[in-house]
Amino acid sequence: MSYIVICFFFGLAGGVVGKIKGSSFFLWFAISALLPFAGLLGALLYRVERDEPRRRCPGCGKVVKAYEALCTRCGTELEYPDVVIEPESAAAARR
Ligand SMILES: [Zn+2]
């Protein structure tokens, strides 16, 4: 019984966090209830990546996160850029 209660509250917490981050409450409720801890952690980490500004690698043109020090495709060393590409979350919000 108590395990179900714990799952429920994890689900609730995950759902609220997911909702705050602009995702589906029910999706994260389900994930967090089925996977307590992991699901809630997922909800907390979700969108963090998507909120990162991005930039284009001058070497190969791959879009990488602005904080990357090396291009993940060609290995070009990257300075922190003057111009960043808007985060995926901002781009998605306009759609
Ligand atoms: Zn590159």
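Of the 95 residues in this chain, 28% count as buried. The model is a predicted one.

**Exercise 1. Find out how the chain is built up from its elements.**

Step 1: Begin with the tally, which is 4 helices and 2 strands.
Step 2: Now look at confidence. The chain has a mean pLDDT of 84, with 88% of its residues at 70 or more. Among the elements, helix H2 (residues 25–34) has the highest mean, 92, while helix H4 (residues 88–94) has the lowest, 75.

**Exercise 2. Work out which residues hold the zinc ion, and in what geometry.**

Step 1: Look for the donors: the SG atoms of Cys57, Cys60, Cys71 and Cys74 coordinate the zinc ion at 2.2 to 2.3 Å.
Step 2: Follow these donor residues in sequence, and their spacing reads C-x2-C-x10-C-x2-C.
Step 3: Check the angles among the 4 donor atoms, which run from 105 to 113°. Four donors count as tetrahedral if all angles lie between 85 and 135 degrees, so the zinc site is tetrahedral.

**Exercise 3. Decide whether Cys57 and Cys60 are buried or partly exposed.**

Step 1: Recall the cut-off: buried means under 20% relative accessible area, and exposed means over 50%.
Step 2: Cys57 has a relative accessible area of 3%, so Cys57 is buried.
Step 3: Cys60 has 29%, so Cys60 is partly exposed.

Technical notes:
Residues numbered from 1 in each chain as written. Predicted model: local features only at pLDDT ≥ 70, side-chain atom pairs only at ≥ 80, totals over all residues. Heavy atoms only, no water. pLDDT = per-residue confidence, 0-100. Donors = N, O, S within 2.8 Å, 3.2 Å for Na, K, Ca; no water. Tetrahedral: all angles 85-135°; square planar, octahedral: opposite > 155°, others 65-115°. Buried < 20%, exposed > 50% of the residue type's maximum accessible area, 1.4 Å probe, protein only.
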